[in-house]
Amino acid sequence: MAPLDSARHRQGNRSRRLAVLLTTFVAALVALPGVALAAPAGQQLAAADQALLDGVRLAGLWEMPAGQMAAEKGQSRVVREVGAEIARQHEELDRLTVEAANKLGATIPTVPSAQQQQWLTEMKNATGARFDQIFVTRLRVAHGAILPVVTAVRGATRNDVIRDLANATNKFVSDHMLLLESTGLVRYAELPPAVLPAPGEDGLIAAAQANSAPQVGISNTVIWAIFLGALGVGGFLTYRLFRRT
């Protein structure tokens, strides 16, 4: 009887091993769809997407206090009104930017850049008509600089959250430029010329177009191959398990 007991024991071990393998494959099949959906292609964060998040966040960090200063110490009524409106709109845009970053798990700046802090100091030290001119000039140049970034990223991003943020930012930036121009203080002849990168040159547009490059991931064909392969192995193991028991 000993050999019989031993055979049964070995058969029980094989059955348990097959059951473990089958359970593993079933778990893999359950987990596989989750892996495929964890980072859909439309939500992957590219370098240009992060650049937009950072740029819009930095703009708000210094233009909100700049607008508040203009509302309080602007010499002309229109500058005070424009400053208050830009500060108010930047609060809304900053909220949208923070929400987008949280959705994507992205880190964004918390303080203005060194140059932006210098601009704020310059405004704090200015008064009267000089303040009005500095405020309008600094903000108009800054808005003209970020607009191509927004447009380039909007045209190439694969990320739905970034696309929505770019749409909102484009409207805010355009409105702010019109508000600043309504003061009559924009010196158009002194605005920096538009810089368009040559074909193949690295730049804002090239950076945004990086979103269009093929991204490494698991294709649907591979997913289905793994799924069908696991299903076939699972069926074979199930057959052997029940055949031996």
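Predicted model: local features only at pLDDT ≥ 70, side-chain atom pairs only at ≥ 80, totals over all residues.

**Stop 1: the largest core**

Select L52, L53, I146 and V153. These residues have the most contacts inside the largest nonpolar core, which has 21 residues. Now colour α2 (47-73), α3 (77-104), α5 (128-156) and α6 (160-181): these are the elements that give two or more residues to this core. Which of them gives the most? That is α6, with 7 residues.

Zoom in on L52. Setting aside neighbours within four places in sequence, L52 is in contact with V150, V153, I162 and A166.

**Stop 2: the second core**

Next, select W62, M123, V136 and L139. They are among the 19 residues of a second, separate core.

**Stop 3: helix α4**

**Stop 4: salt bridges**

Time for the charged side chains. There are 10 salt bridges in the structure, and these are a few to visit.

- Select E122 and R138. Their side chains meet in a salt bridge at 2.9 Å, N to O. E122 lies in α4 and R138 in α5, so this pair ties together parts that are 16 residues apart in sequence. E122 is partly exposed, at 25% relative accessible area, and R138 is partly exposed too, at 31%.
- Move to R140 and E181, whose side chains form a salt bridge at 3.1 Å, N to O. Here R140 sits in α5 and E181 in α6, so the pair ties together parts that are 41 residues apart in sequence. R140 is buried, with a relative accessible area of 11%, whereas E181 is partly exposed at 25%.
- While you are at it, select E92, R95 and E99: salt bridges that share partners join them into one network.
- Finish with E85 and R88, a salt bridge at 2.6 Å, N to O. The two are 3 residues apart in helix α3, about one helical turn. Both E85, at 25% relative accessibility, and R88, at 46%, count as partly exposed.

Definitions and conventions:
Residues numbered from 1 in each chain as written. Heavy atoms only, no water. Core = buried A, V, L, I, M, F, W, Y, C linked by side-chain atoms within 4.5 Å. Buried < 20%, exposed > 50% of the residue type's maximum accessible area, 1.4 Å probe, protein only. Helix = DSSP H or I, 4+ residues; strand = E, 2+ residues; numbered from the N terminus. Contact = heavy atoms within 4.5 Å. Salt bridge = Lys/Arg side-chain N within 4 Å of Asp/Glu carboxyl O.
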